[in-house]
Amino acid sequence: MGELVLSSVERGVLTLTFNRPETLNAWTGAMGRRYFDLLAEAEGDPEVRAIVVTGAGRGFCSGADFATLAAIQTGEYDEEPDPRPNTFPTTIRKPVVAAVNGACAGLGMVHALVCDLVFTAEDAKWTTAFPRRGLVAEYGLSWVLPRVMGQQRAMDVLLSGRVFSGREAYELGLVNRAVPGEALLEEAQAYARELAVHSSPASMAVIKRQVWHDWDASLEQAARAATKEMLESFRRPDFEEGVASFLERRPPCFPAL
């Protein structure tokens, strides 16, 4: 069996590729563990400043592997679950960009939307699929979708389980960009390189935590916490370098996280 998740680093950007193309990268416990292990390693790697996640072949991730679902149905599934939740990418202090190149269904949609930004191929096929399999909105998708696209649109894609294109995903406000499939990975990586070159790793880590956590906070709580974070940022070398690079009209040289 080959690598379940491929990994490569170039110019500060780590690209992770789900690598079960014969199943449209259907999710298995082993693939998930490998993916999360690589994310955890990336957090501690000073060479990595941003992460892009995509799929090999024609799919991003077609959802849970049907062999796994069948084993669950018959009671034969005995694999030890990974203690890390499917929301684990939100806890990684570096930005994670999903590049949805093809089929993105069910659990695959969960894994796309717990990334910090989402790019998609215009002709990629998206679906929650849950009600058409007798399932419910899984792994926090009922929390994420209304906040990203609004309650009525979230109800539509959750209740119907219908298939929609990457272009419609963009029109629904579900993704940041929809681009021709042949340009997708290059565009996602180019965006990630911009982050790697121009954005402070420390600042991105704090901002990521603020955005994911402040959904549960009041405006007053978020503002109070932001003031504390801002005062701390004044004491970091990133602030000095950010100002100096602007005044000297040169690219910044921020320290690694």
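**Figure 1. Residues lining the second largest pocket.** The second largest pocket has a lining of 29 residues, and nearest its centre lie Asp 116, Leu 117, Ile 207, Lys 208 and Val 211. Helix 8 gives the largest share, six residues. The space in this pocket is about 530 Å³. By class, the lining holds 19 nonpolar, six polar and four charged residues.

This is a predicted model, in which local features need pLDDT of at least 70 and side-chain atom pairs count only at pLDDT 80 or more, while totals for chains, interfaces and linings use all residues. Residues are numbered from 1 along each chain as its sequence is written, and side-chain values use heavy atoms, with hydrogens and water left out.

Terms for this view: a pocket is an open set of points on a 1 Å grid over the protein atoms alone, with protein on both sides within 12 Å along at least five of seven lines; a cavity is a set of points where a 1.4 Å probe fits but cannot get out; lining residues have an atom within 4 Å of a point. Grid points are joined across faces, edges and corners, and a volume is the space filled by probe spheres set on the points. Helices (H or I, at least four residues) and strands (E, at least two) are DSSP runs, numbered from the N terminus. Nonpolar means Ala, Val, Leu, Ile, Met, Phe, Trp, Tyr, Cys and Pro; charged means Asp, Glu, Lys and Arg; the others, Gly among them, are polar.

**Figure 2. The largest cavity.** The whole structure has one cavity of 30 Å³ or more. The volume of the largest cavity is about 30 Å³. Its lining consists of Val 48, Arg 49, Arg 93, Lys 94, Pro 95, Pro 201, Met 204, Ala 205 and Leu 257. Six of the lining residues of the largest cavity are nonpolar, three are charged and none is polar.

Figure 3. Tyr 35 is in contact with Val 5, Leu 16, Phe 18, Trp 27, Val 53, Pro 89, Val 96, His 111 and Cys 115, leaving aside neighbours within four places in sequence. Buried means under 20% relative accessible area, exposed over 50%, and partly exposed in between (1.4 Å probe, protein chains only). Contact means heavy atoms within 4.5 Å.

**Figure 4. Thr 127 and Ala 129.** Thr 127 lies in strand 8 and is buried, at 12% relative accessible area. Its side chain reaches the backbone nitrogen of Ala 129 at 3.1 Å. The Thr 127 side chain also reaches the backbone oxygen of Arg 162, at 3.2 Å. Not counting residues up to four places away in sequence, Thr 127 touches Cys 104, Ala 105, Gly 106, Met 109, Gly 161, Arg 162, Val 163 and Phe 164. Ala 129 sits in the loop between strand 8 (125-127) and helix 4. Ala 129 is buried too, with a relative accessible area of 13%. Its phi is positive, near 70 degrees. Most residues other than glycine have a negative phi.

Figure 5. Arg 20 is buried, at 14% relative accessible area. Leu 24 is partly exposed, at 22%. Leu 24 has a positive phi of about 55 degrees, although it is not a glycine. Arg 20 touches Leu 4, Asn 25, Ala 26, Thr 28, Met 31 and Asp 65, not counting residues up to four places away in sequence.

**Figure 6. Arg 11.** Arg 11 is in the loop between strand 1 (5-10) and strand 2. It is exposed, at 60% relative accessibility. Leaving aside neighbours within four places in sequence, Arg 11 is in contact with Arg 193 and Ala 196. Arg 11 and His 198 lie 12 Å apart, C-alpha to C-alpha, and 187 residues apart in sequence.

Note on methods. A polar contact is a pair of N or O atoms within 3.5 Å; within protein, one must be able to donate a hydrogen and the other to accept it, and residues adjacent in sequence count only if both atoms are side-chain atoms.
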